[in-house]
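User: Got a model here to go through. Can you walk me through it?

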Amino acid sequence: MALSPQMRPPVALRYSVWALAANMSQKYQAHKDIFYRRARKYAEIDEMRGMGEAYVTVAHCQCWILNATHEFQHMYFPRAWSSVGRAVRLAMMMGFNRIDGVGMDVKQVLPPPRDWTEREERRRTFWMAYCIDRYASMGTGWPLAVDEND
């Protein structure tokens, strides 16, 4: 990648994307499990780094959404439900569930979006987490992580 190291997506997110892409490709399908395991490993390593502050990012939330998608595709339901929970909790911790609200009454862990594309990325990340939470609970009967009244 030609981006500077601080501008690159986390390694965990890259492996999550590669795992889903490999699953759809005859040529790379043999690599999907390797990519998936590395995606989880690097996401968990990032979570344990420092006090966890480096882990609270849009990219890590997206990583867990993609990991959950991979897990659902392979019927790893307990693991998928746990990954969905991580994605939803990250999205809510970053305030994505109230991105269009006035006067946010919770502590902000991210700086305000720089432009409309960054705001839209956050909004779409939340809605993907919301949808996959609904999908996970519908398929298993387990409780929802997102309260619609919030």
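This is a predicted model: local features need pLDDT of at least 70, side-chain atom pairs count only at pLDDT 80 or more; totals for chains, interfaces and linings use all residues.

User: Good. Which residues is Asp46 in contact with, leaving aside its neighbours within four places in sequence?

Analyst: Pro10, Ala12, Tyr55 and His60. Asp46 itself sits in helix α2, residues 32-48.

User: Is Asp46 buried or exposed?

Analyst: Buried. Its relative accessible area is 10%, and buried means under 20%.

User: Step back. How many helices and strands does the protein have?

Analyst: There are 5 helices and 0 strands. From the N terminus the order is α-α-α-α-α. The radius of gyration is 16 Å, close to the 15 Å from the globule rule for 150 residues, so the protein is as compact as a globular protein of that length.

User: What box do the C-alpha atoms fill?

Analyst: Roughly 50 × 45 × 30 Å, along the principal axes.

User: And what share of the residues is buried?

Analyst: 39% of the 150 residues.

User: What about contacts between residues 24 or more positions apart?

Analyst: Those make up 60% of the contacts with a separation of 6 or more.

User: Now the core. Which residues of the largest nonpolar core touch the most other members?

Analyst: Cys61, Val84, Leu90, Met94 and Phe96, out of 28 residues in that core. Helices α1 (11-23), α3 (58-73), α4 (77-93) and α5 (116-140) each supply at least two of its residues.

User: Which helix gives the most to this core?

Analyst: α3, with 8 residues.

User: Where does Met75 lie, and is Met75 buried or exposed?

Analyst: Met75 is in the loop between α3 and α4. At 60% relative accessibility, Met75 counts as exposed, since the cut-off for exposed is over 50%.

User: What does Trp142 touch, not counting residues up to four places away in sequence?

Analyst: Phe77, Pro78, Trp81 and Ser137.

User: How are Gly139 and Arg40 separated?

Analyst: Their C-alpha atoms are 23 Å apart. Along the chain, Gly139 and Arg40 are 99 residues apart.

User: Last topic, the surface. How much of the accessible surface belongs to carbon and sulfur atoms?

Analyst: 59% of about 9300 Å².

User: And the charges? How many are positive and how many negative?

Analyst: The protein has 20 positive and 16 negative charges. The mean positions of the two sets are 8 Å apart.

Terms used: Residues are numbered from 1 along each chain as its sequence is written. Side-chain values use heavy atoms; hydrogens and water are left out. Helices (H or I, at least four residues) and strands (E, at least two) are DSSP runs, numbered from the N terminus. The radius of gyration is taken over C-alpha atoms; the globule rule is 2.2 Å times the number of residues to the power 0.38. Buried means under 20% relative accessible area, exposed over 50%, partly exposed in between (1.4 Å probe, protein chains only). Contact means heavy atoms within 4.5 Å. Accessible areas come from the Shrake-Rupley method with a 1.4 Å probe; for residues, only the protein chains shown count as cover. Lys and Arg count as positive and Asp and Glu as negative; His and the chain ends are not counted. The place of a charge is taken as NZ of Lys, CZ of Arg, CG of Asp or CD of Glu. A nonpolar core is a set of buried Ala, Val, Leu, Ile, Met, Phe, Trp, Tyr and Cys residues joined through side-chain atoms within 4.5 Å.
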